[in-house]
Amino acid sequence: MVTVNFPATLQPIAGATRVVSEPVENLGQLVTALNRLLPGLAGELDDPLYNFAVNGELLLHNVDARSLRDGDVVEIVPSMAGG
């Protein structure tokens, strides 16, 4: 079971939190599972605006291959820009 927390920008379509109970080995499989639950979500997550963090660790490279374990918490984090 993996818990996914969504930012406010995605909450209208995904809610604040989703628990994925099917087995997923990595973030790529998690996104596929989420897309089955919420059709079209994978397209939203493909936007470079969104980053992923697993258990508080922000991921910058090889995101889809990042392994997941039962009990992990995934945060979808919108990018911040400033000037």
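These questions and answers cover salt bridges, a surface patch and a few asparagines in a predicted model.

Residues are numbered from 1 along each chain as its sequence is written, and side-chain values use heavy atoms, with hydrogens and water left out. In this predicted model, local features need pLDDT of at least 70 and side-chain atom pairs count only at pLDDT 80 or more, while totals for chains, interfaces and linings use all residues.

Trainee: How many salt bridges are there?

Mentor: Side chains of opposite charge can pair when their charged atoms come close. The rule asks for a side-chain nitrogen of Lys or Arg within 4 Å of a carboxyl oxygen of Asp or Glu. By that rule, the count is 2.

Trainee: Which residue meets arginine 36 in a salt bridge?

Mentor: The N to O distance is 2.4 Å. The pair links distant parts of the chain, 14 residues apart. Arginine 36 is in helix 2 (residues 27-37), and its partner is in the loop between strand 2 (17-20) and helix 2. Helices (H or I, at least four residues) and strands (E, at least two) are DSSP runs, numbered from the N terminus. The partner is glutamate 22.

Trainee: Is glutamate 57 buried, partly exposed or exposed?

Mentor: Glutamate 57 meets arginine 66 in a salt bridge at 3.5 Å, N to O. Buried means under 20% relative accessible area, exposed over 50%, and partly exposed in between (1.4 Å probe, protein chains only). Glutamate 57 has 43% relative accessibility, so this residue counts as partly exposed.

Trainee: Which residues form the negative surface patch?

Mentor: Patch residues need over 30% relative accessible area and no salt bridge, with like charges joined within 9 Å. Asp and Glu count as negative. Aspartate 47 has a relative accessible area of 36% and is found in the loop between helix 3 (41-45) and strand 3 (50-54). The patch is formed by Glu44, Asp46, Asp47 and Asp64.

Trainee: Which side chain makes a polar contact with that of asparagine 5?

Mentor: Asparagine 5 is in strand 1 (residues 2-5). Its relative accessible area is 19%, so asparagine 5 is buried. A polar contact is a pair of N or O atoms within 3.5 Å, one able to donate a hydrogen and the other to accept it. At 3.1 Å, the partner is the side chain of threonine 17.

Trainee: What is phi of asparagine 62?

Mentor: Most residues other than glycine have a negative phi. Asparagine 62 lies in the loop between strand 4 and strand 5 (73-78). Asparagine 62 is not a glycine, yet its phi is positive, at about 50°.

Key: Patches are made of residues with over 30% relative accessible area and no salt bridge: like charges are joined within 9 Å, nonpolar side chains (Val, Leu, Ile, Met, Phe, Trp, Tyr) within 5 Å. Accessible areas come from the Shrake-Rupley method with a 1.4 Å probe; for residues, only the protein chains shown count as cover. The place of a charge is taken as NZ of Lys, CZ of Arg, CG of Asp or CD of Glu.
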